Amino acid sequence: MLEVVTWGSTRFVLSLLLVACLAGTRIEAQTSSAAIPLWSGAAPLSKGSTDADSPSVDVYLPATNPTQTGVLVIPGGAYGYLAAPEGKPVAVWLQEHGVAAFVLHYRVSPYHYPAEMLDGLRAMRLIRSRAVEFHITADRIGVWGFSAGGHLASYLMTQWQQQLVPATDSVDAIDARPDFGILAYPVISMSPVVTHHGSHENLLGPNATPEQEAQLSSELHVGENSPPAFLFATTDDGVVPVQNSMALCTAYVQKHLPIEMHLFEHGPHGVVLAQNLPGASAWPNLLITWMARHGWMEK
């Protein structure tokens with residue numbers, strides 16, 4: 001029997017459909033949350049059968065979700081690894097604030113584009129396909145990405161229509177557009193002038209063409225239907241140049257799209273929720289205010 005442990009001690013059993021699909025999988029939000037595979041069989045473009053070849057999501061459901069909102073959380077790691085502090089701790093923070101969270105375990109180097117983007121698109125579709133089972137609403141599913149995970153999140157926000165491989169099942173026909181996007185100190189551009197070079201090489205390999213770099217530069221693909229966005233960055237980030245965040249913000253403003261950006265003077269890369277960082281520690285509360293204003297979280 002599949003159980004989802006919610007915040008606190010409350011437990012409930014998901015619908016029989018989810019049990020039938022995932023019998024024997026136990027998901028615990030606070031301890032050892034089990035992974036739900038994105039595909040029932042081998043993932044497209046898979047090179048093997050290890051955990052690193054098998055993208056998945058961990059599910060963190062709150063005891064109550066008054067706004068019926070869900071968020072796909074995408075950790076960073078320069079497309080070379082997954083940064084643990086940008087996964088579970090963020091999901092638990094959302095859970096504490098009454099929002100369902102889904103932490104993405106996506107493929108990284110030695111995988112290259114398009115595997116990472118394929119995993120992000122599939123995760124959005126899978127979550128939306130099971131919205132009722134997770135007690136969320138299909139048009140209240142956002143994405144929250146950190147660093148290179150922010151690049152993947154921004155790809156979903158700007159190029160969700162892409163069909164990277166032939167459809168494998170009915171889930172692939174579901175809309176992958178996030179309803180909102182949260183980007184924390186993100187990589188946005190693959191332009192050699194401003195990109196994070198480790199993310200660039202891990203994603204595109206050492207011989208990327210200008211055309212490939214442009215295709216994966218999210219600031220160039222902001223469209224009229226790109227979702228509302230919230231950006232957080234620091235001006236002295238010594239790893240990912242702040243120009244990445246500024247480029248996406250500029251593109252949104254030029255398209256007259258809703259975006260809120262908070263740029264703090266000081267803060268190293270990878271501060272996550274910045275709990276003990278003077279100045280930047282204000283950003284989670286600013287995010288709460290933004291989400292509450294849009295109806296995606298109760299303040």
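This is a predicted model: local features need pLDDT of at least 70, side-chain atom pairs count only at pLDDT 80 or more; totals for chains, interfaces and linings use all residues.
Residues are numbered from 1 along each chain as its sequence is written, and side-chain values use heavy atoms, with hydrogens and water left out.

I begin with the interior. A nonpolar core here is a set of buried Ala, Val, Leu, Ile, Met, Phe, Trp, Tyr and Cys residues joined through side-chain atoms within 4.5 Å. Buried means under 20% relative accessible area, with a 1.4 Å probe and protein chains only. The largest such core has 53 residues, and those touching the most other members are L72, I74, F102, L104, I136 and L156. Helix α3 gives the most to this core, with seven residues; helices are DSSP runs of H or I of at least four residues, strands are runs of E of at least two, and both are numbered from the N terminus. A second, separate core of 33 residues includes W93, L94, V103 and W283.

What does L72 contact beyond its neighbours within four places in sequence? Taking contact as heavy atoms within 4.5 Å, its partners include V57, F102, L104, G120, A123, M124 and L156.

D119 also lies in α3. This residue is buried, with a relative accessible area of 0%. Not counting residues up to four places away in sequence, D119 touches L38, W39, P55, L104, Y106 and R107.

Helix α2, residues 88–96, has V90, A91, V92, W93, L94 and Q95 as its buried residues. α2 is followed by G98, whose phi is also positive, near 75°.

On a 1 Å grid over the protein atoms alone, a cavity is a set of points where a 1.4 Å probe fits but cannot get out; a pocket is an open set with protein on both sides within 12 Å along at least five of seven lines; and lining residues have an atom within 4 Å of a point. Points are joined across faces, edges and corners, and a volume is the space filled by probe spheres set on them.

How many cavities of 30 Å³ or more are there? The count comes to two. The largest holds about 50 Å³, and its lining includes W39, P44, L118, R125 and D172. The second largest cavity has a volume of about 40 Å³. Residues from Y185 and P186 to N244 and S245 are among those lining the second largest cavity, and β10 (229–234) and α7 (243–254) are the elements that give two or more residues to that lining.

The second largest pocket has a volume of about 210 Å³. Of the 13 residues lining this pocket, A35, D51, S54, P55 and S56 are the closest to its centre. Strand β4, residues 35–37, gives the most to the lining of the pocket, with three residues.

Notes. Buried means under 20% relative accessible area, exposed over 50%, partly exposed in between (1.4 Å probe, protein chains only).
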